[in-house]
Amino acid sequence: MDGKPVVIGLAGFGTVGSGLVKTLDMNRDWINRRLGREIRIKCVLVRDTAKPRAATLPAGATLTTDVTTLTSDPEISLIVELMGGTGAAKALIDQALAAGKHVVTANKHLLAVHGQELFATAAQEGLGLFYEASCLGGVPVIQTLKESLAGNRIERLTGIMNGTANFILSEMTSSGLDFETALAQAQALGYAEADPTLDIDGFDTAHKLVVLIRLAYGRHYPLEKLPVAGIRGVRKNDIEFAREFGYRLKLLGQVREVEGRLEAGVFPALVKHTFLLARVGGNYNAVRIQGNAVGPIMLHGQGAGDLPTASAVLADVMALVRASGAPDNTGYRESPLPEADILDPMLAASEHYFRFTVTDRPGVMATIARVMADKNISIMQAIQKGVDEGQGVPIVFTTHEARAKQAAAVISEIDGQDFIQAPTVHYRIL
């Protein structure tokens, strides 16, 4: 190490960008001890230079609205992209790599959609494209998969990857709130955006899962092929029934290898209350990774926020400063990575939860049980509660393991019965 400052360009000065500036300032001596060099921000790309900021601009740094100020400056060796989105952010990274500059990004959406292309370009140029902050904020899952578990075949990865959705479900569970009230509370606390679609409909988790599949299995799983379901339809009574059966309802991203094919998806699921994932509350994230050598491990922490996410961004910057030779961006020598052999989602096997809203009359439960038997689904538990006041009563079944196509066949047949008062609610059980 020659002791010269590492000069970086920062694109985006919002929550995470401000957090990076704060972290560099408060940990400056510690960072210098570890690197033997100072990290200095020279220029910050923003949309509006007059907008008030949550952090003070570093001494000597300037604001700009011109991308080329970052990409054409020979003194800047690394660009940190914290803009978000897939348009301007991709153009910036393309230009940065073409100019011979390493890139650190927190942009999971961009990597999920354009990762194959961007990693191929970075490999061709011998440049680093690091992205620890793209998944689970301050939780070091990227480096864990890329380095610490590199000698393992990953058998399964299951995670709570969106703090907004987890906060909503936690509040519905612990405080008895309905979905709309819990969402409003999340928005009031700044955990949810004014438009929470990406979080509550599962798309944010989907972006992260595609990135993690690439690391865990060395395969590209196209985002458009990933089954995605969110929590918008979760109701209080499902939370309550889940508790009664000994489960907690969580929004999960999961991938596992089944006879050489990948079964993956984003979905709300019932998790046994004794499992660590069931105990992850509030806006925290967690991921459980099963390796064939290491066994199961659990990572847990803050999945968003200025300083936790900035911590992950800074770790990537420091790793690239230390790197010698061509940086390891994906954890695999192949470039581009081959496309995944995907298991048909209808062949996915799990236990199941069904809630049927029915007219309270004799023979209904027997009819449902007969349909399940006809579809070769074995019932584990059943419960009926309440008095029919014109809107039906709930009958809840949990089942032993069955394929998704069998569950879909049950729902299709039962929802056609004259005693059904509302569409059937169905969740997988982890």
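Which residue lies over the face of Tyr247? Lys272 does, at 5.1 Å from the ring centre; a charge sits over a ring if NZ of Lys or CZ of Arg is within 6 Å of the ring centre and within 35 degrees of the ring normal.

The model is predicted, so local features need pLDDT of at least 70 and side-chain atom pairs count only at pLDDT 80 or more, while totals for chains, interfaces and linings use all residues. Residues are numbered from 1 along each chain as its sequence is written, and side-chain values use heavy atoms, with hydrogens and water left out. Helices (H or I, at least four residues) and strands (E, at least two) are DSSP runs, numbered from the N terminus.

**The parallel sheet**

- Strands of a sheet pair through backbone hydrogen bonds, either parallel or antiparallel; two strands count as paired if DSSP finds at least two bridges between them.
- Six strands form an open sheet with parallel pairing, in the order 3-2-1-4-5-6.
- Strand 3 (62-64) and strand 6 (129-130) stand at the edges with a single partner strand each, so one side of each is left without a neighbour in the sheet.
- Strand 1 (residues 6-11) runs parallel to strand 4 and is joined to it by four bridges; here Ile8 stands opposite Leu78 of strand 4.
- Strand 4 (residues 78-81) also pairs in the parallel sense with strand 5 (residues 102-105), over four bridges, and Val80 has Val104 in strand 5 as its bridge partner.
- Both faces of strand 4 are covered, as Leu78 and Val80 on one side and Ile79 and Glu81 on the other are all buried; buried means under 20% relative accessible area, exposed over 50%, and partly exposed in between, with a 1.4 Å probe and protein chains only.

**The antiparallel hairpin**

- Strand 10 (residues 284-291) and strand 11 (residues 295-302) run antiparallel and are joined by eight bridges.
- A hairpin of three residues connects strand 10 to strand 11, and Gln290 stands opposite Pro296 in strand 11.

**The second largest pocket**

- On a 1 Å grid over the protein atoms alone, a cavity is a set of points where a 1.4 Å probe fits but cannot get out, whereas a pocket is an open set with protein on both sides within 12 Å along at least five of seven lines; lining residues have an atom within 4 Å of a point.
- The volume of the second largest pocket is about 540 Å³, a volume being the space filled by probe spheres set on the grid points, which are joined across faces, edges and corners.
- Its lining consists of 26 residues, and the closest to the centre are Ala229, Val266, Phe267, His426 and Arg428.
- Two or more lining residues come from each of strand 9 (261-272), strand 12 (349-358), helix 14 (404-414) and strand 16 (420-429); strand 9 gives the largest share, six residues.
- The lining has 18 nonpolar, six polar and two charged residues, where Ala, Val, Leu, Ile, Met, Phe, Trp, Tyr, Cys and Pro count as nonpolar, Asp, Glu, Lys and Arg as charged, and the others, Gly among them, as polar.

**Arg428**

- Arg428 belongs to strand 16 and counts as buried, at 17% relative accessibility.
- The charged end of Arg428 sits over the ring of Phe267, 4.2 Å from its centre.
- Arg428 and Leu252 are 176 residues apart in sequence, but their C-alpha atoms are 10 Å apart in space.

**Aromatic pairs**

- The whole structure holds five aromatic pairs; rings of Phe, Tyr and Trp (its six-membered ring) pair if their centres lie within 6.5 Å, and planes under 30 degrees apart count as stacked, over 60 as edge-to-face and the rest as tilted.
- The rings of Phe354 and Phe356 are stacked, because their centres are 5.8 Å apart and their planes lie at 5 degrees.

**Backbone features in loops**

- Most residues other than glycine have a negative phi, and most peptide bonds are trans.
- Asn376 lies in the loop between helix 13 (364-374) and strand 13 (379-384) and is exposed, with a relative accessible area of 63%.
- The peptide bond from Ser335 to Pro336 is cis, with omega near -5 degrees; Pro336 is placed in the loop between helix 12 (306-322) and strand 12.
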